[in-house]
Each structure stands twice: as C-alpha cells, then as structure tokens.
Amino acid sequence: MDVESTNPSWRLSFPHVLVATISSFLFGYHLGVVNEPLESISLDLGFSGNTLAEGLVVSTCLGGALIGSLFSGWIADGVGRRRAFQLCALPMIIGASTSATTKNLAGMLIGRFLVGTGMGLGPPVAALYVTEVSPASVRGTFGSFIQIATCLGLMGALFIGIPVKDIAGWWRICFWVSTIPAGLLAFAMMFCAESPHWLYKQGRSAEAEAEFERLLGGSHVKYAMLELSKFDRGDDAETVKLSELLYGCHFRVVFIGSTLFALQQLSGINAVFYFSSSVFKSAGVPSDLANVFIGVANLSGSIIAMLLMDKLGRKVLLLWSFFGMTISMVLQVTAANTYVSGSGSLYLSVGGMLMFVLTFALGAGPVPGLLLPEIFPSRIRAKAMAVCMSVHWVINFFVGLLFLRLLEQLGPQLLYSMFASVCMMAVVFVKRNVVETKGKSLQEIEIALLPQE
C-alpha cells in the first residue's frame, strides 16, 4: 500500500467548503443585523424605550440558537450533512420573511426565534462538514474560512444597516436581503458532496468512495478509504447516548471542548462586540467608525489565523491568542484607572479593545470550532459538537444579558480584571489539555487521544 507522497489538491474540495461557509456568513449577518436598526424597529413596532423588549429582540435569537445547536448532532447524523444545511436554511428564510413583514413585536420575536434555530444548526454542521471533507494538509486553512465568513456576515449586516436612519422602513430590507444567501445555500448544497465519513458510517461505502474521488482526486481514494476502515467498521450503528458524552470514556474530550467554548465566551469577547460602540462613544469616536475599526481588526486577525493555522498549528495560536487578550484586558484596566490622565486613558481603552479583537480573531475565535471536530472520535463527533455548541450559546446568552448590569455594579476595572483572569486561566488550560492536530489525519488524532487503558 504505497501512500501518495503528495497531498491531495485543495482545489477539488474548495467549492464544497465555500458553499458550507455560506451558513457561517448568514450566522454573522443575523448576529449583527439588529445592531444598527434596533431603534427604528422599536419605533415602527411601538416598543421604543422598552429596554426589555429591545433585549428580547436580540436574545430570542440566542434562545433559538440554543435549541438549534442542541439538535444539530442528531440532525446531522440522521439526515446527513447536506440535508442538515438545507434544513438550516429553511427557518432562516421563513424567520427573516416573518421579521421583514411583521406589524408587531410578537411577529418580530417569532421571526427572530426561527432565524435563531437556523443559526444554532448551521455552525456545528459547517464545522463538521469542513473538517470531514478537507484534505488534512489544508484543514486548518479551510476551517478558518468559517471565522472569516462570520466576520464578513457581521460587516455586511452593519454595512446594509447604514441607510437605516434616513430611509423609513429600511430595516425590513435588511431582513429581506438575508433570504438571498439562505436560498443560495439550500440550492447549492444539492450539488455538493456528502461527507464520506457520514456515508461510511451509514454503511454506504461505495458512495463514500465516489465522494472521496470528487473531494480528493482518484489517486487518494484508496488511502482515504483505508484510513476510514481502520476505525469505523460500520459497527457504529448503535446510537450514542448523552450519558456516554457526559460521564463515559469520552468525557475528557467533551469536557475539553466545552471548556474551550466557555473560556472563549467568558473572555469577554461578546461583551466587546455587543457594546463596543458605547466604549468608543466615550472616547469620542462615532459608532459607525468604531464598527468599521472593530470589523477590520476582526477580519485581519482571521486572515492571519488562516495563513498560520496549518503552519504554526492550533495550540500555538490558541496560547498566544489568549495571552494577547490578557494583555489587552490589562491595558483596559489601566485605562479605567483614575491615575492615568485623560487622553492617555482614551488611547489605552480604544487600543486595548482593538488589540483584544485582533488577538481574539487570531486563535480564540477560529480554533475551538476547528479543533473540536478534529479531536472528537467520528462516532460521537456530531453529538459532542452539539453539546459543546450548546454550552457556548447558554454562556453567550447570559453574557449578553448581564454585561451592562455588571458594568454598572462592579465598574469597568473589576469587570475587565475578571475578563483578564479568565484569559489567563485559558492559557493554562490550553497548555495542559489541548493536543496539536495540524497535518494529522482524523484517524491519527483519534488514536492519539484514546483513553489510556
């Protein structure tokens, strides 16, 4: 069995990965879409000044996302990755149309909730799919596309939201626009390859071979199939029970995965995304400019991460990323300190925030979503991913809910110090628990991580 010494060409799997990342673009778009238009939505639907209702418009989406991500594993395993993408596009189209045509708050919330279920289902399936269809040599690079697409979606939403102050009812257009990429995703997925790992697990190995040929090229099919057959001999038909993930032999990987996502959220990144404009406003920078700065920092970080992911490896990026975030938070604590003079503290707080976003995008942002499908054995991959994403959504929800309240109660210094210490804990956690996965096939990673008997 001579192994092809060259790596499979990335060009073959590239289009399939691109289509899959439309779901991440949508995810980013819907995260940012109510950011700018919220005021005019509240005026048009008659709940302006009601902060609870405004909070609900933002967070019903997250509630839906939790439900979507909880079921994502079962859906992806049940109907396959391609169908799962199409299922994720459906509520996004229906929900966005509901929000766009609604006359009252209830319709808005129903629409946001539906969109949320699609948002919860998309990212875990995209992470699975990209990990399973990309050649090992470029898996990290392709995995970073997910983060870049999310960035572009966020920036797109902010960009489309610009005329919202001048044109009455423009926010309805903002929602309508999002149905285009969702429709495109559902349509284009009909022509994409199904994940060979999934087909093989279903016992359809002839089809898996055909898909490998589309994704890797003819000369690599034999080796890829051999790799697969080492592990899942199609005997994985029996279902994965939740209890197995929470306290079985797989507990350790699921724990590492959930903790990575928890640390990612508790580092304060979403607080920064949700409330950046108010920090910039106090520094005298207009909010639209602030959003542009944040977007650029985020995008450039993601692009650098994409270039380095398969060269330096996941672990290095994660370590330096969390370390950089600790430093940025320390800068912001210094800025909040009374001893630093006026203009100095402004530079520090704005600089600290931009540096925070940049270092986040370098590792803490893209790596967990890429690393997790790599370290989960293929039998539990989809379900374990669902559990970890659900942890992510629960924490995300509470951060969004409590951040402003905590800022009032504790003051910026204490809160930022807490964020800094979380980032420092993350550095230690990564150092001790994360394995390097770059360039290894999914099977090699699985062997390396087997519980030592």
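Figure 1. Of the 453 residues in the protein chain, 56% are buried, where buried means under 20% relative accessible area, exposed over 50% and partly exposed in between (1.4 Å probe, protein chains only). The chain has 20 helices and zero strands; helices (H or I, at least four residues) and strands (E, at least two) are DSSP runs numbered from the N terminus. Among contacts with a separation of 6 or more, 83% join residues 24 or more positions apart, a contact being heavy atoms within 4.5 Å. Residues are numbered from 1 along each chain as its sequence is written. In this predicted model, local features need pLDDT of at least 70 and side-chain atom pairs pLDDT 80 or more, while totals for chains, interfaces and linings use all residues, and side-chain values use heavy atoms, without hydrogens and water.

**Figure 2. Helix H18, residues 366-375**. Nine of the 10 residues of H18 are buried, so the helix is largely enclosed by the rest of the structure. Among the buried residues are Pro366, Pro368, Pro373, Glu374 and Ile375.

**Figure 3. The largest nonpolar core**. A nonpolar core is a set of buried Ala, Val, Leu, Ile, Met, Phe, Trp, Tyr and Cys residues joined through side-chain atoms within 4.5 Å. The largest one has 111 residues, and Leu185, Phe322, Ile375 and Phe376 have the most contacts inside it. Helix H19 gives the most to this core, with 20 residues. Apart from this core lies another of 17 residues, including Ala53, Leu109, Ala157 and Val164.

**Figure 4. The surroundings of phenylalanine 376**. Leaving aside neighbours within four places in sequence, phenylalanine 376 is in contact with Val253, Val254, Arg381, Ala384, Met385 and Cys388.

**Figure 5. The aromatic pair of phenylalanine 14 and phenylalanine 142**. The structure holds 13 aromatic pairs; rings of Phe, Tyr and Trp (its six-membered ring) pair if their centres lie within 6.5 Å, and planes under 30 degrees apart count as stacked, over 60 as edge-to-face and the rest as tilted. In this pair the ring centres are 6.0 Å apart and the planes are at 45°, so the pair is tilted. The pair links distant parts of the chain, 128 residues apart: phenylalanine 14 is in helix H1 (residues 10-32) and phenylalanine 142 in helix H6 (residues 139-160). Phenylalanine 14 is partly exposed at 26% relative accessible area, whereas phenylalanine 142 is buried at 3%. Together with Phe145, Phe14 and Phe142 form one aromatic cluster.
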